[in-house]
Amino acid sequence: MTIGELPPVAQIGVAIVTAFVWFAATGFLSGVVIGLLQVVSYMRTPRHLRVERFSDLHKFRS
């Protein structure tokens with residue numbers, strides 16, 4: 001059975017679910033990529049400049 005053989009309401013449901021899954025996956029992967037870029041940026045910054053560039057990090061230290 002293909003999607004074209006389903007009733008129109010089921011086709012719409014499949015389209016909505018597919019769009020949601022695609023949006024969730026691309027959003028998650030974009031967040032992973034942005035996070036990795038931030039980690040690399042932090043690691044490449046010399047230690048004496050990290051306080052200036054990443055001033056909010058002290059909030060996360062315990």
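This presentation describes the overall form of one protein chain and then a few of its residues.

Good morning, colleagues. The structure is a predicted model, in which local features need pLDDT of at least 70 and side-chain atom pairs count only at pLDDT 80 or more, whereas totals for chains, interfaces and linings use all residues. Residues are numbered from 1 along each chain as its sequence is written, and side-chain values use heavy atoms, with hydrogens and water left out.

I begin with the chain as a whole. The protein chain contains 2 helices and 0 strands; helices (H or I, at least four residues) and strands (E, at least two) are DSSP runs, numbered from the N terminus. The chain is more spread out than a compact globule, because its radius of gyration is 22 Å, well over the 11 Å that the globule rule gives for 62 residues. That radius is taken over C-alpha atoms, and the globule rule is 2.2 Å times the number of residues to the power 0.38. The C-alpha trace spans about 65 × 20 × 15 Å along its principal axes.

How much of the chain is buried? Buried residues account for 3% of the 62 residues, where buried means under 20% relative accessible area, exposed over 50%, and partly exposed in between (1.4 Å probe, protein chains only).

I turn now to helix α1. Thr-26 has its place in this helix, which covers residues 8-44, and Thr-26 is partly exposed, with a relative accessible area of 30%. A polar atom of the Thr-26 side chain lies 2.9 Å from the backbone oxygen of Trp-22. Phe-28 also belongs to helix α1; at a relative accessible area of 58%, Phe-28 is exposed. Further along, Val-40 is found in helix α1 and counts as partly exposed, at 46% relative accessibility. Val-40 and Phe-20 are 20 residues apart in sequence, and their C-alpha atoms are 30 Å apart in space.

Next comes the loop between α1 and α2 (47-53). Thr-45 lies in this loop. Is Thr-45 buried or exposed? Thr-45 counts as buried, because its relative accessibility is 4%. A polar atom of its side chain lies 2.7 Å from the backbone oxygen of Ser-41. Apart from neighbours within four places in sequence, Thr-45 is in contact (heavy atoms within 4.5 Å) with Arg-50, Arg-53 and Phe-54. Thr-45 and Leu-29 are 16 residues apart in sequence, with 24 Å between them in space, C-alpha to C-alpha.

Finally, helix α2. Val-51 lies in this helix and counts as exposed, at 64% relative accessibility. Val-51 and Leu-37 are 14 residues apart along the chain, and 18 Å separates their C-alpha atoms.

Thank you for your attention.

Terms used. Polar contact = N/O pair within 3.5 Å; in protein donor to acceptor, adjacent residues only side chain to side chain.
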